[in-house]
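Subject: Structure for you to look through

Hello,

Here is the structure I said I would pass on. Please open it first and keep it beside you while you read the notes.

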Amino acid sequence: MNKTEDEVRVRFAPSPTGYIHIGSLRTALFNFLFARHSNGKNILRIEDTDQTRKVEGAVENLTKNLELLGIKFDEGPHQGGNYGPYFQSERLVLYKKYCDELIEKGAAYYAFETPEELDEMRRMQQLEGKQTMYDRRARDLSNEEVEEKLKSGIPRVVRLKVPLNEEIKFDDAIKGTIKIESNLVDDQILLKSDGFPTYHLANVVDDHLMHITHIIRGEEWITSVPKHIIIYRALGWEVPVMAHVPLILNKDKSKLSKRQGDVAVEDYLNKGYLKEALINFIALLGWNPGEGEEQEFFSMKELAEKFTLDKVQSSGAVFNIDKLNWMNNAYIKNYDIDKLVEISIPFFEKSEIDTSNVQFVRKVLLAIRVYLNKLDEIPQHTKFFTQNEIELEDESLKEILNSESSKKVFEALYEKIDKTIEVTAESYKLMVAEIQKETGIKGKNLFKPIRIALTGSENGPELPAIAEILGKDRLMKFLNKWK
RNA sequence: GGUCCCAUCGACUAGGGGUUAGGUCGUCACUCUUUCACAGUGAAAACACGGGUUCGAAUCCCGUUGGGACCGCCA
């Protein structure tokens with residue numbers, strides 16, 4: 001064991017449900033940033049104690065995406081570590097051991113109700129308008145009764161014996177002091193009848209055994225903290241620092257959900273949001289460096305330098321796709337072009353562009369990147385570069401093409417291109433400038449007909465770039481049609 | 001319904017006893033431009049309400065209202 005005394009150790013503990021929720025991503029990010037900021041360790045632990053919800057390949061998918069986004073772990077299923085195993089399903093003996101200890105100490109007890117009985121109990125409570133919670137009916141069973149039932153082999157669970165008439169208090173690093181009456185805390189099931197622990201038991205045991213110093217997780221957990229504190233106390237363990245991160249919300253301020261848009265990180269990656277933009281955006285959802293800082297763009301390194309828990313917001317944050325789009329566009333515009341080409345290839349494959357010609361892809365991307373909020377918009381911007389026949393966007397454009405002055409322009413440009421060996425953006429500009437001088441036609445009357453003749457549309461990327469990409473042959477073909 | 005959490009422009013937020021309440025997205029206008037976009041300049045836009053405390057409250061306290069989360073042999 002090589003843990004140094006006050007080393008910060010945090011964990012991200014997802015259940016393998018098959019995809020990473022945007023909210024989980026932020027929790028993972030905050031944990032990672034906090035660990036890096038404090039020179040501590042970031043640990044990945046898989047909470048797979050629900051046998052009914054196993055998803056094949058979920059862990060691989062999760063690890064892959066987190067890694068892709070730059071969130072790294074120092075310990076975990078793949079990287080190993082001194083406190084494994086890092087799958088809860090492989091730690092069952094541990095949970096059993098501490099569960100027995102709790103029973104021994106009188107801090108937990110056996111209960112024998114069936115799920116149906118519990119449903120019925122809750123139904124009645126609801127009918128009476130009471131809070132639904134276990135009525136503690138098995139709490140005071142005599143030793144003999146318990147022995148007898150255990151022997152009979154009927155299904156049993158272990159429940160937490162919540163001490164009565166006490167005020168449970170703790171200090172949350174984000175929310176401040178929180179107090180709850182113990183009488184309102186449920187005698188939570190700790191060990192299910194299948195022998196697996198529930199979240200509450202497994203979490204406390206693992207966080208302790210793995211020497212977790214700070215628990216950074218979603219706000220939805222805040223109401224179960226008292227249960228955890230009771231377990232820590234019963235086992236004589238120190239309670240880690242709690243930090244409950246506020247929720248990410250839908251537009252209507254409810255918890256971010258599938259129904260109202262994409263929630264899986266993969267969805268965003270697949271749409272062509274750059275990982276840097278996604279991380280930057282997510283980090284700013286519920287956190288900011290404060291103190292008059294007006295910077296909006298942060299690299300992962302900068303985030304790690306600046307991240308502290310006291311700057312995490314205490315209220316929820318609406319996920320605003322407009323701002324993500326703006327930010328992603330900003331990243332796309334400033335990204336290293338060769339790297340961007342690499343990332344963009346899969347999206348170009350959905351267009352007419354021949355992706356084997358990387359130079360060509362590069363040119364097109366350079367011309368259209370300014371328009372892209374996300375990479376999956378590439379196909380809708382590439383048609384100007386791939387058309388072999390020009391289709392007019394609107395019949396009324398013919399009028400412009402057929403005007404006297406337009407004809408003159410086409411004629412002149414055609415001749416110049418004919419004499420040119422290769423059309424580049426530069427040579428195109430020169431030619432058009434010459435035409436302006438020679439014919440006296442300028443402004444709209446000059447460029448508009450050309451644009452329409454070459455693209456079929458009144459607007460689009462810069463003409464010189466388009467001309468270069470189209471190339472001499474197509475340029476002549478398109479002009480010839482109207483001259 | 002019970003418990004807990006939360007409350008600054010439409011959204012993300014800065015500020016945290018004395019500020020013209022600042023920035024970013026979005027919106028609108030103008031400028032630039034051989035189109036659209038980009039870029040630039042500017043505008044509209046907020047301290048939920050009511051009581052305290054104080055010379056002074058967006059800021060501290062209490063309440064109200066509003067929103068949210070949780071109340072499972074899920075995590």
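This is a predicted model: local features need pLDDT of at least 70, side-chain atom pairs count only at pLDDT 80 or more; totals for chains, interfaces and linings use all residues.

Residues are numbered from 1 along each chain as its sequence is written, while chains are lettered from A and ligands numbered from 1 in the order in which they are written.

RNA surface

RNA strand B is surrounded by 69 residues, where near means that the C-beta atom, placed from the backbone, lies within 6 Å of the strand. The closest are Glu47, Ser315, Val318, Phe447 and Asn459. Among the elements that give two or more residues to this surface are helix H4 (115-127), helix H17 (425-439) and helix H18 (444-455). Helices (H or I, at least four residues) and strands (E, at least two) are DSSP runs, numbered from the N terminus. By class, the surface has 24 nonpolar, 25 polar and 20 charged residues. Nonpolar covers Ala, Val, Leu, Ile, Met, Phe, Trp, Tyr, Cys and Pro; charged covers Asp, Glu, Lys and Arg; the others, Gly among them, are polar.

Sheet

Three strands form an open sheet in the order E3-E4-E7, with antiparallel pairing; two strands pair if DSSP finds at least two bridges between them. Strand E3 (108-111) and strand E7 (189-191) are the edge strands, each pairing on one side only. Two bridges join strand E4 (residues 157-160) to E7, and Arg159 stands opposite Ile189 in E7.

Helix pairs

H17 also packs against helix H19 (residues 463-480): their axes come within 8 Å and cross at roughly 120°. Axes are lines fitted to C-alpha atoms, for helices over the stretch in contact, and angles run from 0 to 180 degrees between N-to-C directions. Ala425, Tyr428 and Lys429 in H17 meet Pro464, Ala465, Ala467 and Glu468 in H19; contact means C-beta atoms, placed from the backbone, within 7 Å. This contact has five nonpolar, no polar and two charged residues.

Helix H16 (residues 404-419) packs with H19 at an angle of about 155°, the axes being 10 Å apart. H16 is therefore roughly antiparallel to H19, a label for angles over 145 degrees. Residues of H16 in this contact include Phe410, Leu413 and Ile417, and those of H19 include Leu475, Met476 and Leu479. By class, the contact has seven nonpolar, one polar and two charged residues.

Regards

Definitions and conventions: Two residues are in contact if their C-beta atoms, placed from the backbone, lie within 7 Å. Angles under 35 degrees count as roughly parallel, over 145 as roughly antiparallel, 65 to 115 as roughly perpendicular and the rest as oblique.
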